[in-house]
Amino acid sequence: MKYQIILASASSRRRELLAQIGIPFTVQAAEGEEKCEARLPQKQVEELSFHKALEIAGKAEGNVVVIGADTLVFFRGKPLGKPRDEKEAAGMLKTLQGQTHQVYTGVTLIWHHRGALRQRSFHERTDVTVYPMTEEEILDYVKSGEPMDKAGAYGIQGLFAKFIRKIEGDYYNVVGLPVGRLYQEMKAEGLLQ
């Protein structure tokens with residue numbers, strides 16, 4: 001069976017990553033409020049990705065696979081979302097500099113199979129260690145504007161790359177979509193024809 005693939009995300013980074021691995025798709029961004037009951041980081045990102053995928057799957061018809069994804073940065077078990085302003089961005093970066101933190105991305109696939117909705121959720125975790133940063137480096141980075149729409153107030157694929165000491169795990173997970181794992185999960189479920 002051939003499926004139409006829908007990415008339930010407005011993220012340009014996720015669109016680029018999905019296109020990079022050659023999967024044809026369309027975009028229908030989920031717009032619902034992000035609510036989460038889960039406490040564990042891996043469960044939080046899976047729950048958020050599930051709600052995004054379900055919102056779009058509920059509107060879709062025919063043979064479709066909806067991909068929902070959500071990425072969160074955690075430091076000592078506390079989530080760091082997207083900063084509300086430059087002051088909050090600088091505060092997050094002060095917290096992360098010279099330390100190791102975790103990036104979790106949850107992914108949910110929802111598709112129609114024999115008249116019923118099927119679903120598969122998973123997550124990836126990557127540990128990221130940041131070099132120590134001076135106050136001036138933090139403020140210059142914040143002024144670049146790059147941190148403002150990113151969880152944890154940084155983009156590993158942009159200017160912030162010069163502050164990355166090491167990563168353990170999937171680089172693409174930190175960018176926002178663990179595409180290798182996604183491809184393998186879709187292949188295992190027979191969703192790629």
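1. Start with valine 73. Its place is in strand S3. Strands here are DSSP runs of E with at least two residues, helices are runs of H or I with at least four, and both are numbered from the N terminus. Valine 73 is buried, because its relative accessible area is 2%. The cut-offs are these: buried is under 20% relative accessible area, exposed is over 50%, and partly exposed is in between, with a 1.4 Å probe and protein chains only. Which residues does valine 73 touch, not counting residues up to four places away in sequence? They are Lys78, Pro79, Leu80, His101, Gln102, Val103, Ala151 and Gly152. Contact means heavy atoms within 4.5 Å.

2. A word on the source. This is a predicted model, in which local features need pLDDT of at least 70 and side-chain atom pairs count only at pLDDT 80 or more, while totals for chains, interfaces and linings use all residues. Residues are numbered from 1 along each chain as its sequence is written, and side-chain values use heavy atoms, with hydrogens and water left out.

3. Now the overall plan. The protein has 6 helices and 7 strands. From the N terminus on, the order is β-α-β-α-β-β-α-β-β-α-β-α-α. The radius of gyration is 17 Å, close to the 16 Å that the globule rule gives for 193 residues, so the protein is as compact as a globular protein of that length. That radius is taken over C-alpha atoms, and the rule is 2.2 Å times the number of residues to the power 0.38. Along its principal axes, the C-alpha trace spans about 55 × 30 × 25 Å.

4. Of the 193 residues, 47% are buried. Take the contacts with a separation of 6 or more: 68% of them join residues 24 or more positions apart. The protein exposes about 9,900 Å², and carbon and sulfur atoms supply 47% of that area. Accessible areas come from the Shrake-Rupley method with a 1.4 Å probe; for residues, only the protein chains shown count as cover.

5. Look inside. In soluble globular proteins, nonpolar side chains tend to be buried together. The largest nonpolar core here holds 42 residues, and the members that touch the most others are Ile67, Tyr154, Phe160, Leu182 and Met186. Such a core is a set of buried Ala, Val, Leu, Ile, Met, Phe, Trp, Tyr and Cys residues joined through side-chain atoms within 4.5 Å.

6. Alanine 57 is found in helix H2. Is alanine 57 buried or exposed? It is buried, because its relative accessible area is 3%. Beyond residues up to four places away in sequence, alanine 57 touches Val66, Ile110 and His112. Arginine 165 is 108 residues from alanine 57 along the chain, and their C-alpha atoms are separated by 39 Å.

7. Asparagine 63 sits in the loop between helix H2 (41-57) and strand S3 (64-75). At 39% relative accessibility, it counts as partly exposed. Not counting residues up to four places away in sequence, asparagine 63 touches Met1, Lys2, Tyr3 and Gln4. Asparagine 63 and arginine 114 are 51 residues apart in sequence but 9.9 Å apart in space, C-alpha to C-alpha.

8. Check two backbone angles. Arginine 76 has phi near 50°, a positive value in a residue other than glycine. Arginine 76 is found in the loop between S3 and strand S4 (78-80), and at 68% relative accessibility it counts as exposed. Alanine 153 also is a residue other than glycine with a positive phi, near 65°. Alanine 153 is found in the loop between helix H4 (135-143) and strand S7 (164-168). At 0% relative accessibility, alanine 153 counts as buried.

9. Finish with aspartate 149, in the loop between H4 and S7. It counts as partly exposed, at 37% relative accessibility. Leaving aside neighbours within four places in sequence, aspartate 149 is in contact with Arg13 and Lys82.
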